[in-house]
Amino acid sequence: MKIYNTLTRQKEVFQPLTDKQVKMYVCGVTVYDFCHIGHARVMVVFDMITRYLRARDYQVTYVRNITDIDDKILKRAAENGESIQALTERMIRAMHEDERALGVLPPDQEPRATAYIDEIIAMVRTLEDKGYAYAAPNGDVYYRVRKFASYGRLSQRQLDELQAGARVEVAEAKQDPLDFVLWKAAKAGEVSWPSPWGDGRPGWHIECSAMSTCCLGNTFDIHGGGPDLPFPHHENEIAQSEAATGQTYVNTWMHAGAVRVNQEKMSKSLGNFFTIRDVLAEHQPEVVRFLLLASHYRSAINYSVDALLDARKSLLRFYNALDAVEVIQGEISKQWRVAFMAAMDDDFNTPEALAVLYDLARTLNTAKKENPAQAPALAAELRELAGILGLLQQDPQAFLQTARTETEATLSAPEIESWIQKRQQARADKDFAESDRIRDWLAQQGIILRDSREGTRWTRES
């Protein structure tokens, strides 16, 4: 299995520190607001990666943190007139609801920054003792970037380049513009913790260094996150962690691609910012998950209503293939499994893996007509392989009977069933004109009827 390593800019054969065991840390959400569609990309991507590693018989310890103390949290709590704890607990509950809707399995550990204050302070003291950190006159503690010789290697930036773009706020007391804060002195009225440098709170970067090493050890296999994190957040994590421990921090760095909205960067200022619950209020969760996995995890994706409708059409193809087939394990060719695993072994190539599933679905459709005895085993294989991606686990009829969007559901399921009963009565009465009228009227409402010996089944138009 090969994984693209952001640090080396190439695919590398994956060799975990301990055979068949994987320790993975992913930067989670700063819980001051509802999660947006960019967060969903990271959640779904690393859920897919975890699922696949486990399908390959790796024992995975998946750690994803929660940042529950931050400038944005302090500001939002003050704006709302609520306590920091009330805000963060409310947003964490909402985040978990969004994840469950998208089929994202919970991580094995979900450390919160505020539960690791002692460990954060200990790491800062270690950095200070080694000369990598210094206390400034304003009460802040900073990291000496120039002392860490390999700073910039993850983001491939030179110190001179960084120096040119560095800004120093008036209130800061850095020795060098490149230095970054490890511990922030508390302002009047702010939440704080006692420390050797006075009351304060941790900087963002040190939180992840402390939590990841406490949960997984000084060196671990995979560190992941979103597209905006290689610099400065992950660059700073490397500098802090390796200076503190004297060991390699992470072997493989992975980053999900950005989400663009109608080909533009998602931004509140542009009015194209969508929370996960905004999207799920209109579109089926599995459709959203499919869209987020249909492109390679490292590539940018374009979020739009048209893209979601295309994702739904793809899922309809799969669920139509699975519809009215009993799923039973049986002897079939292993060609699809071999091809699927080969695609996923190549840096989790989900577009290629989905192409294999399309081929399997076509074979299933043919078998339903020409070799019905083989269809159950093909359906079982399709379900199992798709399940590794967290897809195709719904009842086919339930999916096929759901409207494209909530606003397009002109008729409810009970109303449709009532019209089908009226049509059946018309047919029993040999009033075929009325039967055809009802069928045509339902078709105009986007409801497609399929008659068989077992009765009438219905689906919504794609």
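Arg-260 stands opposite Lys-265 in strand 12, where strands are DSSP runs of E with at least two residues and helices are runs of H or I with at least four, both numbered from the N terminus. The model is predicted, so that local features need pLDDT of at least 70 and side-chain atom pairs count only at pLDDT 80 or more, while totals for chains, interfaces and linings use all residues. Residues are numbered from 1 along each chain as its sequence is written, and side-chain values use heavy atoms, with hydrogens and water left out.

Strand 11 (residues 259–261) pairs with strand 12 in the antiparallel sense over two bridges, pairing being assigned if DSSP finds at least two bridges between two strands. These strands belong to an open sheet of three strands, with the order 12-11-13 and mixed pairing. Its edge strands, strand 12 (264–265) and strand 13 (301–303), each pair on one side only.

In helix 2 (residues 71–80), Ile-73, Leu-74, Arg-76 and Ala-77 are buried, that is, under 20% relative accessible area with a 1.4 Å probe and protein chains only. Helix 3 (84–101) and strand 8 (200–202) are among the elements that cover the buried residues of helix 2. Helix 2 is followed by Gly-81, whose phi is positive, near 70°.

Notes. Buried < 20%, exposed > 50% of the residue type's maximum accessible area, 1.4 Å probe, protein only. Contact = heavy atoms within 4.5 Å.
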